Amino acid sequence: MLKVEGLSSFYGHIEALRAVDLRVRAGDITTILGSNGAGKTTLLRTISGLVPARYGRILYFGKDITNLRPERMVKMGISHVPEGRQIFGDMTVRENLELGAYLRYRRDPSSAIKKDMDFVFKLFPILKERESQVAGTLSGGEQQMLAIGRALMSKPRLLLLDEPSNGLAPKVIRDIFACLQQLHQEGITILLVEQDVQIALNIADYGYILRAGKIVLEGTAEELSQNQTIKEIYLGE
Amino acid sequence: MKFKRLVERIALTRPGDFLRRNLGPTVLLIFLLTFPLWEGSVSGPVHIKFLERMRLVGIYTIVAVGLNLLLGYAGQVSLGHGAFMGIGAYASSLLALRAHVPVYLTILMAMLVAVLISLIISPILRLRGHYLAMATLGFAIISFVVLREMTWLTKGNEGLMGIPKLSLPGVEVRTMGGEYYFIWIIAFLILIFSRNLVNSRLGRALKALHHSEVAAETMGINTSWYKIKIFALSAAYAGLAGALFAHIHSFINPGIFQLNLSIILLVMVVLGGMASIWGSIAGATVVVFLPKVLEAIPYWFGNKSLTQWFSNNYSNLEPMIFGIVLILVMIFMPSGLTRGLSDFFRYRRSPFVNPLKRGSGI
């Protein structure tokens, strides 16, 4: 579905990604793991067009989408849940979700948008309760749910998630990851960036380990969780 | 299809509902329409020429609304809107003086010129925050120098004289009351248009990009294009206001459109309330009437010489007065006059707190 070939991107002179190769199969949960500063966020941002790629290309269903503007990506069904949630704090929950459907305003009838909003409310019932509350007053977990719900409103085929576990309580993380699994069953392909290796490998089908801008290891989730190096470095066993 | 739905909606709306939803604008409209009829009885005793000043309030309201869309809603600073006013004023006056184009057309052309220039300099919108402020400041200074030094066209510091009065096809607007209605009808339409704009999908996109450009981009909002659009729209408003200004004063020179004006326009927006369409009127009103009220106060107490002194020294005092007012408002009523006061009455909330406060400023 998504294929990344030899992708490099730079912040000024600093090379943040070095010839990254990556493949996301349709219907899978693929995860990119790595510690702080490994380039995980940069990789996602390059895929969704927020950071320009210097070398390499990104193929989506065989079509070259390298360096297209972000709104084109959203139109083609790639939806990005940015790091740190980035919800619109002074708007209500409902308005946030409506903004998620921003590009569908003219294309889809309002009944379809309403249906998707009901789907989001079913997935995260707490958002229904908070519907007309200002989003900035939500708790961290609720904000993360809102960010995911907002991304779902654009009816994506590929969902890019940037550290959904960031700064949340373990129980909330479990809830959110359960919802991700549910989305997976609905047929949405997910590319998940995580620091928490264990919880990510629990739900993922395939994983990549990123270190200093390079892919150092890849494999199915089982292979990776059995891997001795990973156990030592990331899982501390 | 869309049209049919619109007609149905209008037919189904009860007048009572419509009034209730649009109470503010209706009251404002009635006030504005009847104002010239009764202002005379107030003007005399308090020693302020209301009608004359109200024309200026209308003009500044137009610019302030545009700047508020840019600054209050989209979060982009501009210190160059005084320059856009100047460009509009000069474009309209020159077309009327040199090419003898009727004034109602030159005003439209002035808007067009302002839009064109805003599009030419639109790459500066890539800059953010202070850098954008600096770039627009540079634009204001350059425009001032160009207007002053292009003497073959603008007659430099001497200025343009004998600019024709406002006109509609066939009629020249000669009286002050006529000018008042001419300006305020335009201003009111612009207010309504802008209000509908910010309540539309585009308005929401602007608020989104103000809050977080990354998030707005991931929603599929083309942030740079929207910034350009709103910049051009506010430049059009400023050009329009500048043209109106020139035609009611019949004299302009580059000095009027210096940086000072841009700063006063910013004061109006902040004073009236960021992200508040109606606040723009409040801001413009305060800025236009404050000096006159200060001037009139000694008169009320029978001290005519102090009034005289004040109006002679006004140009020196002006920056100081507005500086103080701005500081006081920023400290005590950070959400602006309109929001501060309306929250006070509606929610019994102290007007002295900022409900919009959050981590990142403009």
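Helices, taken as H or I runs of at least four residues, and strands, taken as E runs of at least two, are DSSP runs numbered from the N terminus, and the model to which they are applied here is a predicted one.

**View 1. Overall fold of chain B.** In this predicted model, the secondary structure of chain B amounts to 17 helices and 4 strands. The radius of gyration of chain B is 21 Å, close to the 21 Å that the globule rule gives for 362 residues, so the chain is as compact as a globular protein of that length. Along the principal axes, its C-alpha atoms fill a box of roughly 55 × 50 × 45 Å, and buried residues account for 41% of the 362 residues.

**View 2. Packing of helices α4 and α12 in chain B.** The axes of α4(B), residues 50-73, and α12(B), residues 223-249, come within 8 Å and cross at roughly 170°, which means that the two helices are roughly antiparallel, since angles over 145 degrees are counted as such. Residues of α4(B) in this contact include Arg55(B), Ile59(B), Ile62(B) and Leu70(B), while those of α12(B) include Phe231(B), Tyr237(B), Leu244(B) and Ile248(B). By class, the contact has 17 nonpolar, 2 polar and 1 charged residues.

**View 3. Contact between chain B and chain A.** Chain B contributes 17 residues to the contact and chain A contributes 22 residues. On the side of chain B that touches chain A, α10 (201-211) and α11 (213-218) each supply at least two residues, and the largest share, 6 residues, comes from α10(B). That side of chain B has 7 nonpolar, 5 polar and 5 charged residues.

Methods
Residues are numbered from 1 along each chain as its sequence is written. Chains are lettered from A and ligands numbered from 1 in the order in which they are written. This is a predicted model: local features need pLDDT of at least 70, side-chain atom pairs count only at pLDDT 80 or more; totals for chains, interfaces and linings use all residues. Axes are lines fitted to C-alpha atoms, for helices over the stretch in contact, and angles run from 0 to 180 degrees between N-to-C directions. Angles under 35 degrees count as roughly parallel, over 145 as roughly antiparallel, 65 to 115 as roughly perpendicular and the rest as oblique. Two residues are in contact if their C-beta atoms, placed from the backbone, lie within 7 Å. Ala, Val, Leu, Ile, Met, Phe, Trp, Tyr, Cys and Pro count as nonpolar, Asp, Glu, Lys and Arg as charged, and the others, Gly among them, as polar. The radius of gyration is taken over C-alpha atoms; the globule rule is 2.2 Å times the number of residues to the power 0.38. A residue is buried if 20 or more other C-beta atoms lie within 10 Å of its own, exposed if 12 or fewer, and partly exposed in between; C-beta atoms are placed from the backbone.
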